[in-house]
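Please read them with the coordinates open.

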Amino acid sequence: MQTTLRPKRSPSRMETAFEVAVSVFLWVFRIVLVVIVVVGSFMTISSGKFSLETWVDLVVNGAVQGGIYALVALGYTMVYGIMRMINFAHGEIFMIGIFSGYFAAVILDDLGLLNGNLFTSIFSFALMLIIAATVSTLVALAVERVAYRPLRNSPRLVLFISAIGASFFLQYTVSGLVGPGIFRYPSIEILDEKIGLPILSALNLSWLDVVVIGSALAMMAALYMFVMRSKIGTAIRAVSEDKQTAALMGIDVNRAIVTTFAVGAAMAGAAGVLYGLVWGQVQFFTGFIPGIKAFTAAVLGGIGNIPGAMVGGFVLGEAESVGALLIIDGLGVPSPSQLKDVIAFTILVAVLMFRPQGILGERLSRSRA
Amino acid sequence: MTATSETQTLNRDLSAWKQVLIVGLLFGGLALYVTLVGIVGTFEDLDIIEKVITLGQAILLLTAIGAGYVAAGRAPDGAINAILGSAIAGFMAGAALSLLILIGPVIDLRDFLPNASPQLYDLIAGIDILGIEDAKWKGQTFPVSFWFPAVVGIGLGALGGLLTLLPRHARVLIILGVGALVFMGLFAGILRSPMLQNGATADVARELFASNGLRIPGVVLILGIVIMVYLVHVLLRPAQRYRALPRKTQRHPAVVIPAGAFFLLVVLMLPLGFTGFIPSVIALIALFALMGLGLNITLGLAGLLDLGFVAFFAVGAYTVGLLTSTGEFGIAQWPFWLAIPFAILVAMAFGAFLGLPILGIRGDYLAIATLGFGEIIAILARSDLLKGVIGGPRGILDIPKPIEVPPGDPLSGPNQIYYISLVFIVIIAFVAYRLRESRLGRAWVAMREDEDVAEALGINLVQTKTLAYMLGAAFAGLGGAVFAALFGSIIASSININVSILVVTVIIIGGSGSIPGVVLGAVFIIGLPELFRESVAEYRFLLYGIALILVMRWRPEGLMPSKVGRQELHQEDLPMEGEGGAPPGESGAATPDAPAASTSGEA
C-alpha cells in the first residue's frame, strides 16, 4: 500500500452547505436502513408466522448458498488483490463450471455411474468437480491471455471494459454452443436423502447440504494453505503487496498472476458443480447475477482478503436467505422472495458507502482513485 | 558460414515453423468455433452473391485464407517458405473441420452441441459442391468427403500466403474489394426494396441486387467502384515530400456549406425514403444516439462508468407511462410534452438520491454499485410490490403518441420519434458542447484525469460527480420517456441490464467524449444488428463482447474519438494507475512486467 496524497480532513475546516447536506442525507439513509431492518425483523418475529423449523431451514439454505458465494468470491478477491482489477468475467467462469459439471454428469449418468452405488456416486461427484475446475481454469487462462494480459498496464477502466467484453463473449459463446435453453441438472440421488442421525435430525439436513458446505470449507482450507504455505502462494502474496519489489526479489510476476487466475477459476468451477446440484438447472446467463453477488461477498468481507471472502460469502448467503423472510415479509411486502436480490445489492451499496474496507479488509475501494 | 551460425539459422527456422504450427492450431480452433457456435450455420441464410456464396461459407473461407495470411508472416524468410507455411496453416485450419466430420458418426455431438447437425456436416464436407448426392448425411453413412475441408484449406491457405507476396497496392485492393463485396452483399436486400419503389431505379435494382445478396453485374460494379476510388485515392495523394507537412484543417466555406446542407437534408429526409421496418430501426438508432450522448456526459467527460443507466431509463419511461397512459395505470392522461419535463426531473432526483451515497467510491467499484442499482430497479419493476402502481411484469400499456397524426402522414409511426430524438440530440449535443468548455466541464475532465490533484486544486469531488451523474440521469430519463412513446407501452422485461450495456458499448466503441463518435457508435451497435434482425440477433452480444475487447486492445479511445481522448490513451510509456502510482521517472523504466507484457502482447 502506498500512501495517498489525500489530505486528512481536519475538524477545524469549515464545511460547505453542500457537504453538510450530503452528510445529513447519508445519516438519514443509514437511519432508514436500520429502521427498515429493525421494524421488519420485529414485525416478523412478533407475528410468529414462521415456525422454528422454517428458520432452521433458512439458515441451512443460507449456509449452502453462502459456501458457494464464498468459493466464487475467492476468485474475485485474489485477482483483485494481485491486479487491482474487478474480473467481471468471473461469473461466467463460474457458469462454465456449472455447464462442464452438467455435461460430465449427463455422461456419467448415461454410463450408469452417477447413481450406481455409493462408491460410483462419490467417484462421479469427484470427477465432476475435477472436470469443472479444469475446464473453468483453461477458459480463465485463455481469457487472461487474450483480454487482460495485453492491457495490464492500461488505465483501470480500459481493463474493466475489456472484462465486460469477455463476460459477454463467454455468455453468448456458451449460448451459441449448447443452445439458449434451460438444462436440468441430473441429481445424485443419495445426496438428496435426509440425514437420519439423531442429533442432526433437528436440522433437517440433506446429505447434499453437508457435502456442499463441507467441500466448500475443505476447498477454502486447501486454498488458504496453498496461499499461506506454498512457495508460489507466498509469491502471490508478495506480488499483491508490491509488484515491483517482488520482481526485484526474483519473483516471476507473470507466473504469480497466472496462478492466481487459475486457482480462482478452479474454485469457481468447482463451486459451479455445487451450485448445479443445489439449484438443479443451468442456463447461459446463470452465472451473471451470482457472479455479482459473489463480488458483493468479496467486498463485504474486504476485497483482497482471503478469509474475508469466505466470511463475506457466508454472511451474504445468510442475509439473503434469512433476510428475505425476516425483514421484507415483516414489512407486509407481497412475495418477499422476489426481492431477495435487492437485499444483496443493497448490502453491496451499503458496504461501499459505510464500510468500504469490508468486515476484515483494507480500505482499497476509496484509495487509489 | 560457420557451423554455429548455421545452427543459429536452423534454430531460428525451427522456431519460425513452430510459430506457423501454432497459427494453424489457433485458426483450426477458430474454424471449429465459428462452426460449432452456430455462426456458419445461421449465416448460411444470408447470400453475399446470389446462389454463389453465402456469408457462412465466406466466413469459413476467410478463416482459412486468414490462417495462410498470418502464417506467411511467421514462416522463415523466402517466398517458398511463406507459401509452404501458409499452406500448412490453411491445412490445419481445414483439418480441424475434417476431424469434426470424422468424429460425427462415432459420437453424436448433437446432445451437447446442437449446431453439429447433419446440414452442417454436409456443408463443411462440401457434399453439394462435390455433387455426391447419395452421400448425403444419414447419420450413419461414412463421411466420404471428410478430406474436403483439409484439402480446400491447403489451397486457401496458400492463397492467403500469396496475398502477402503481392505488391502492396494489389494486396490492399483485393482486401478492400472482398470487404466491399461482403458489406454490400449484406445490404443488397435492404438497398433493393426502396429502389424498387421508384420506376426509374427499379430496373437497376433488379439487375444489381437480388432480394438476398448481389447479382453478378452488381459484383462487377462494386469491384469497379472500389478500383476506381482506390486509383483516384492513390493518384491524388500528395507526393511523399509533402506528406509530412501539417494538414490544412480549415476547410473552404464553398465546400463546407453545400456539404453541410446536403448532409442535413439526408439526415432530415432519412426515414422518409424507406418503408417496412427500416424507419423503426432508424428511430431506434436516433434514440440510442440520444441516450449515448446523455451517458457521454457521465462517462466521457466526468469518467464515471455508470452501468446502472437502465435505472434512470426506467424512471423516465415509467414516469411518462404513468402520466400519459390512457390505460389501466395512467394517473393523469397528460400529453407527452407536459410529461417530459417531469420525467427528466424525477430521473434527476433519482440520480441525486442514488448518486450521493456512492459517488465517493472509485471507478470500477462505482460501476458495480451502479450495476446493482440497475438490477434493484429492474427487480422492483417486475415485482409484486409495485404491481398495483406500475403493472408488474405486464407493465403500462396505451401510452399515446407524442404527436397525433392521421395514418399515412410523414410523421406517423416511428418517424415522429426519429424527429423528436433528433431535436433532443441537437439539444443535448449543444448542452454537452457548452458544458465541456465551461468551468464545470473542466472540473469534470480534471477529476477524470486525477481525482487527488483535482481535489487539491479546490474541486469538490462529490458535488462535481453528483452533477455529472444527475445530468446523465436526466438524459437517461429522457431516453426512457422517448422509448415509452416509441413502443406505446413499457413492459418490465425491457428494463434489463442489456440497456445499460448497449449504451455503454455505443459510447466506448464510438469514441467516448466525442459527439460524432457516439452517433457513429449508435449506427454500428444498434443499427447494423437491427437490420439483420433474425439472423444476427442471437450473436449480437457475442459480437459486442468481441468488439469491446478488440477496441480496448487496439483503439481504447474508440472509433471516432475526441482529440483529447486520443492523446490521453496513447501515452503507453507513462505509468498507469494500477501499478502503484510511483513517480513517472522511476516506474517508466522499472515496471517489472512491462517488457514481458509487451513482448507477449505481440505474440
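Does D398(B) count as buried, partly exposed or exposed, and how many C-beta neighbours does D398(B) have inside 10 Å?

1. D398(B) has 15 C-beta neighbours inside 10 Å, so it counts as partly exposed; a buried residue would need 20 or more. Please keep in mind that this is a predicted model. D398(B) sits in the loop between α17 (387-390) and α18 (414-436) of chain B. Its phi is near 55°, a positive value in a residue other than glycine. Most residues other than glycine have a negative phi.

2. R84(A) also has a phi near 55°, again positive and again not in a glycine. The residue lies in the loop between α2 (52-83) and α3 (90-110) of chain A. R84(A) has 21 C-beta neighbours inside 10 Å and therefore counts as buried.

3. Helix α10 of chain A covers residues 253-279, which makes 27 residues. At 1.5 Å a residue the helix should span 39 Å, and its end C-alpha atoms are 38 Å apart, so the two values agree. Of the 27 residues of α10(A), 21 are buried, so the helix is largely enclosed by the rest of the structure. Just after α10(A) comes G280(A), with a positive phi of about 75°.

4. On the contact between the chains, 61 residues of chain B meet 64 residues of chain A. On the chain B side, at least two residues each come from α15 (336-358), α16 (363-382), α20 (451-456), α21 (461-487), α25 (540-554), α27 (584-590) and α28 (594-602). The most come from α16(B), which gives 11 residues. By class, this side of chain B has 35 nonpolar, 15 polar and 11 charged residues.

5. The largest nonpolar core holds 288 residues. The residues with the most contacts inside this core are A70(A), L71(A) and A270(A) from chain A, and L287(B), F288(B) and A347(B) from chain B. Which residues does F288(B) touch, leaving aside those up to four places away in sequence? They are L502(B), V503(B), V506(B), A522(B) and I526(B).

6. Chain B is divided into domain 1 (12-165), domain 2 (174-239) and domain 3 (273-496). The C-alpha centres of domain 1 and domain 3 of chain B are 46 Å apart.

Definitions and conventions: Residues are numbered from 1 along each chain as its sequence is written. Chains are lettered from A and ligands numbered from 1 in the order in which they are written. This is a predicted model: local features need pLDDT of at least 70, side-chain atom pairs count only at pLDDT 80 or more; totals for chains, interfaces and linings use all residues. Two residues are in contact if their C-beta atoms, placed from the backbone, lie within 7 Å. Helices (H or I, at least four residues) and strands (E, at least two) are DSSP runs, numbered from the N terminus. Ala, Val, Leu, Ile, Met, Phe, Trp, Tyr, Cys and Pro count as nonpolar, Asp, Glu, Lys and Arg as charged, and the others, Gly among them, as polar. The expected span of a helix is 1.5 Å times one less than its number of residues. A residue is buried if 20 or more other C-beta atoms lie within 10 Å of its own, exposed if 12 or fewer, and partly exposed in between; C-beta atoms are placed from the backbone. Domain bounds come from an automatic or database domain assignment. A nonpolar core is a set of buried Ala, Val, Leu, Ile, Met, Phe, Trp, Tyr and Cys residues joined through C-beta atoms within 7 Å.
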